[in-house]
Amino acid sequence: MSRVYVGKNIESKIKAALDGCAFTVTDDNVARIYPEFTRGAYVIEHGEKNKNKDVLFDIIGAMSDAGLTRGDRIAAVGGGVVGDMAGLAAALYVRGIDWVCVPTTLLAMADSCIGGKTAVDFRGVKNLAGAFHSPREIYISARFVDTLADREFLCGFGEMIKTSMLDPHAYELMRKSADGLLAHDFECVYALLNRCVEIKKRIVKTDPKEKGLRKILNVGHTVGHALESVDGFRLSHGEYVLKGMIAEFSMCKYHMPPSLYGEAIETLRRFTVPPRTSGRAVCETAVRDKKNTDGKISLMVPVEIGRIEEVRLFPDEFISRYDDALKELKEI
Ligand code: ADP
Ligand code: ZN
């Protein structure tokens, strides 16, 4: 398990941790905005398109050129792309060395930095080649959000709202602070981020290799992932998760208490609008989701806050429920 530090003023702690690393990976944006954390770093180009095997092996090559040995550790300073790639490079280099993660996007802080998942995309499939390799230490400095684009906030909110569904305290906090979150109020974002980190740590500790419980983290993700792929990744992952939650909750509203359903849709509508993609197109991709079994498409639904149940639908049922849900959402 990783040791996780979360704070508003942990810059000196981060610098000390980076001093203990023989090699740092970052991207061009982060290097430009935060030279004080990335001096001498190996800089990759930003963006998901660079999360591939060629850039991965460039990193590993540079680690070799720098003479790293098994006792050395490396650092990732950046968003999910940097974390995924530096983590996988650390997993592969001389069969595995330690690494330290400094997430700089809200999405990476709230979600992807915890749980040890590392990967690159391959043959058009997201995260096809990867490994579980948890960082030794994770430093979550909320100050990095100061420079994030609006879109990146939304991306983080998608995962944070999802995580809120798993815990009554977080859910209340999220609903109460929706105004503040939308205004990017630092204290609101920080309070919810802290809570989400705790929840994710707890879940990952119980199910480190995603064999069971971790499935509950997939709320909104069956439709979300399908929309992302049909849409050609035009929006950010978190934005698709928000749309995925609206659609999935509406498809499964009879599994949810009416008050929770109404409240959740109302809150989600503040952050996004329902998707427009047709049920058939979403289904064609959703049938390939790795959570599915026996030809049924799996949806993870909060039957109450903190209690997630799996709803499994045959493709035909999935399409009709999805199309009906979209029609109804249009009318509300
Ligand atoms: P994510 O963390 O959302 O999975 P990325 O690693 O692709 O995704 O980061 C999203 C974008 O945000 C990238 O262009 C990256 O360079 C940029 N970025 C990362 N951290 C910051 C930051 N603290 N301030 C501004 N831009 C950042
Ligand atoms: Zn996600």
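**Cysteines, ligand and metal**

Modeller: The count of disulfides (pairs of cysteine sulfur atoms within 2.5 Å) comes to 0. This is a predicted model: local features need pLDDT of at least 70, side-chain atom pairs count only at pLDDT 80 or more, while totals for chains, interfaces and linings use all residues. Residues are numbered from 1 along each chain as written, chains are lettered from A and ligands numbered from 1 in written order, and side-chain values use heavy atoms, without hydrogens and water.

Biologist: Which cysteine sulfur is nearest to that of Cys155?

Modeller: Cys155 is in no disulfide. Its relative accessible area is 4%, so Cys155 is buried (under 20%; exposed is over 50%, partly exposed in between; 1.4 Å probe, protein chains only). The nearest cysteine sulfur, 14 Å away, is that of Cys196.

Biologist: And which is nearest to Cys283?

Modeller: Cys283 is also buried, at 4% relative accessibility. Cys283 is in no disulfide. At 14 Å, the nearest cysteine sulfur belongs to Cys252.

Biologist: Which side chain has an N or O atom 2.7 Å from a nitrogen atom of ligand 1, besides that of Thr147?

Modeller: Take the polar contacts (pairs of N or O atoms within 3.5 Å; within protein, one must be able to donate a hydrogen and the other to accept it, and residues adjacent in sequence count only if both atoms are side-chain atoms). A polar backbone atom of Phe144 is 3.0 Å from a nitrogen of ligand 1. A polar side-chain atom of Thr147 lies 2.7 Å from a ligand nitrogen.

Biologist: How much of ligand 1 does the protein bury?

Modeller: Accessible areas come from the Shrake-Rupley method with a 1.4 Å probe; for residues, only the protein chains shown count as cover. Taken alone, ligand 1 exposes 570 Å². The protein buries 86% of that.

Biologist: Which element gives the largest share of the shell around ligand 1?

Modeller: Helices are DSSP runs (H or I, at least four residues), numbered from the N terminus. Two elements give two or more residues: α5 (80-92) and α2 (28-33). The largest share, 3 residues, comes from α2.

Biologist: Which residues are the protein donors of the zinc ion, ligand 2?

Modeller: Donors are N, O and S atoms within 2.8 Å of the metal (3.2 Å for Na, K and Ca); water is not among the atoms, so sites may look incomplete. Here they lie 1.8 to 2.1 Å from the zinc. Their spacing in sequence is E-x61-H-x15-H. They are Glu159 (OE), His221 (NE2) and His237 (NE2).
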